[in-house]
Structures are given as structure tokens and as C-alpha cells.
Amino acid sequence: MDIQLTYNRRQTTTTKVGNVEIGSEYPVRIQTMANTSTNDIEGSVAQAERCITAGTELLRFTTQGLREVDSLAQIREKVQEFKSLGVVPLVADVHFQADVADTAAKVVEKVRINPGNYIDPARKFKQIDYTDEEYQAELERLRNRFVQLLNICK
């Protein structure tokens, strides 16, 4: 018995991450996250090479602070030397540190953030009920800070 599967793909906008196009008619991309310490430059480069050889098209690294951003810049420089493997965009995975995201955006092709913890590193989520006005003020505060990152990424 031959089973034919069909699906309808949702229309999306094309986004470029370095030389990799994502969305619209482009295929689903293979992405992985390094499990080395970003500050272990040699170990991270070795893992990057293995991932790229295995077919990774986007490679994420944990980026907790400015030290990791500096390490990521060095990793990126070394990974770009893998000419025969092609250029794979690197992604900084940043949580809680908006300033780190801004700096990382100048070093790598993509920054991944979580908007829920983007602007308030000390957030304890003690307040979970907001008035409409408080909620709108929080959204505006996030929007204003997030636009700064978007402008760097452009």
C-alpha cells in the first residue's frame, strides 16, 4: 500500500541569516546548539567543525555576557577559515542581558533572545497580575528597548 502525504506550508517572509535564507519557499534549515562552553574557544571551534561537517546550517552558542561575546568573535573568525565547508552563520543565544545582545549583534549573524526575559535580568515574576495600564507600560518598555536591538541587526 502506497501512502501519499501532502501538506500546505504557511506563507512566510524570507529572512536572511548571513548567507542562509529562511522562510517562504526555502527548505527547513538544520540548526543546532553547541554544548561546549563558549569561552572554550578551541573546543567550540572543534565542535563547530563537526557540526558543520554533519550538515548544520546555523550554529548557536550560549552567550551569557560580554566575555562570551569576545569568545564568540574569536570562534567566528576561526570557523570562517573552514572554506571547504562553506560559511555557516553563528547565532548568539542571549537571555536577560539586553546590552549583551546589542554587542553580540555586531559580532555574529543572528541573535536569539527571549522577549519575556530580555530587559529585566532581575525579574522574579513576583507580580503576575497587571492592570491594563501596567501591562501597556511593560509592553512599551520592552518595545522601546527591543527597537534598539532591531536597529543594530538591520
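Tutor: Helices here are DSSP runs of H or I with at least four residues, and strands are E runs of at least two, numbered from the N terminus. The model is predicted.
Student: How many helices and strands does the protein have?
Tutor: There are 4 helices and 6 strands.
Student: In what pattern along the sequence?
Tutor: The protein reads β-β-β-α-β-α-β-α-β-α.
Student: What box do the C-alpha atoms fill?
Tutor: Roughly 55 × 50 × 30 Å, along the principal axes.
Student: And what share of the residues is buried?
Tutor: Buried residues make up 32% of the 154.
Student: What about contacts between residues 24 or more positions apart?
Tutor: They account for 59% of the contacts with a separation of 6 or more.
Student: How many positive and negative side chains?
Tutor: The protein has 20 positive and 22 negative ones. The centres of the two sets lie 1 Å apart.
Student: Where does Ser-24 lie?
Tutor: In the loop between β2 (20-22) and β3 (31-33).
Student: Is Ser-24 buried or exposed?
Tutor: Ser-24 counts as buried because its relative accessible area is 14%, and the cut-off for buried is under 20%.
Student: Which residues is Ser-24 in contact with, leaving aside neighbours within four places?
Tutor: Arg-9, Thr-12, Thr-13 and Thr-14. With Thr-14 there is also a polar contact, side chain to side chain, at 2.4 Å.
Student: What about phi of Phe-96?
Tutor: Phe-96 has a positive phi too, near 70 degrees. Phe-96 is found in the loop between β5 (90-93) and α3 (98-104).
Student: How accessible is Phe-96?
Tutor: Phe-96 is partly exposed, with a relative accessible area of 35%.
Student: Last topic, cysteines. How many disulfides does the structure hold?
Tutor: The count is 0.
Student: Is Cys-51 buried or exposed?
Tutor: Cys-51 is buried, at a relative accessible area of 15%. Cys-153 is partly exposed, at 45%.

Note on methods: Residues numbered from 1 in each chain as written. Predicted model: local features only at pLDDT ≥ 70, side-chain atom pairs only at ≥ 80, totals over all residues. Heavy atoms only, no water. Buried < 20%, exposed > 50% of the residue type's maximum accessible area, 1.4 Å probe, protein only. Polar contact = N/O pair within 3.5 Å; in protein donor to acceptor, adjacent residues only side chain to side chain. Contact = heavy atoms within 4.5 Å. Disulfide = S-S within 2.5 Å. Lys, Arg positive; Asp, Glu negative; His and termini not counted. Charge placed at Lys NZ, Arg CZ, Asp CG, Glu CD.
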